[in-house]
Each structure stands twice: as C-alpha cells, then as structure tokens.
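Me: I would like to go through a structure feature by feature. Please give the general idea each time, then the case at hand.

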Amino acid sequence: MAKAEEFFQRGRELDVQGKPQEAIAEYTKAIQIDPNYAQAYFYRSNLLALAGQPQKAIEDAQKAATILESRGELEGAAAMRQHEEMIREGIEDGEW
C-alpha cells in the first residue's frame, strides 16, 4: 500500500512540471491516507488558490494551521494563518 509521503512527493513533482490538477489529486490522496499531513494541505491550498478556488484554499490553510498548532509548531501555524489572510485579501481585492 502506498504511503502518504509517496503521494505527496508525486504531487510536488507534478506541481513543478506545471500540472496543478494532477498535483492536487496526489495531495488529496496523501491527505486521505494521513489526515494530519499539514504540508499536503498547504501545497494543495496554494494550488487551489491559483486554480480559482479560494474558499477551498482557505479551508486547507486553516486545517494546516490547526494541525501545526496541535503539534506546538507555532511558527508554521502562524505562516499558515498568514497564507489564509493573503487569500482572503485576494478575495476582497477581486482577484477571485
């Protein structure tokens, strides 16, 4: 059985290759295997925002922040909250 890390790495490779939809699918598989995979939520959030799905991107950023906070990784959580805020500002500015 494939591990979450394998799907995550495949998602990263697809992202670099300019295949965002395929990368999103791989990040989603990683999250299905490991619902606490904060990095997968973060990278999927980025791609969802760029794909014009800001609300889903915000949800992923919030989930990543919550996971990191529960682990005591407060700097990472703060970065996720900042990422979420940038998406919200993009919505307010009419980018989406």
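Me: Is Phe 42 buried, partly exposed or exposed?

Reply: This is a predicted model, and the class follows from relative accessible area, where buried means under 20% and exposed over 50%. Phe 42 has 22% relative accessibility, so Phe 42 counts as partly exposed. Tyr 43 has a relative accessible area of 21% and is therefore partly exposed.

Me: How many aromatic pairs does the structure hold?

Reply: A pair of aromatic rings is described by the distance of the centres and the angle of the planes. The structure holds five such pairs. In one of them, the ring centres of Phe 42 and Tyr 43 are 5.2 Å apart and the planes stand at 70 degrees, so this pair is edge-to-face.

Me: Which residues form the aromatic cluster?

Reply: One cluster is made up of Phe 8, Tyr 27, Tyr 37, Phe 42 and Tyr 43.

Me: At what angle do the axes of H1 and H2 cross?

Reply: Angles over 145 degrees count as roughly antiparallel. The axes of H1 (residues 4–16) and H2 (residues 20–33) cross at roughly 165 degrees and come within 8 Å. H1 and H2 are therefore roughly antiparallel, and the crossing of H1 past H2 is left-handed.

Me: Which residues of H1 meet which residues of H2?

Reply: From H1, the residues in contact include Phe 7, Phe 8, Gly 11 and Leu 14. On the H2 side, Ala 23, Tyr 27, Ala 30 and Ile 33 are among them. By class, the contact of H1 with H2 has eight nonpolar, one polar and six charged residues.

Conventions. Residues numbered from 1 in each chain as written. Predicted model: local features only at pLDDT ≥ 70, side-chain atom pairs only at ≥ 80, totals over all residues. Heavy atoms only, no water. Axes fitted to C-alpha atoms, helices over the stretch in contact; angles between N-to-C directions. Helix = DSSP H or I, 4+ residues; strand = E, 2+ residues; numbered from the N terminus. Parallel < 35°, antiparallel > 145°, perpendicular 65-115°, else oblique. Left-handed = near helix turned anticlockwise from the far one by under 90°. Contact = heavy atoms within 4.5 Å. Nonpolar A, V, L, I, M, F, W, Y, C, P; charged D, E, K, R; others polar. Phe/Tyr/Trp six-rings, centres within 6.5 Å; stacked < 30°, edge-to-face > 60°. Buried < 20%, exposed > 50% of the residue type's maximum accessible area, 1.4 Å probe, protein only.
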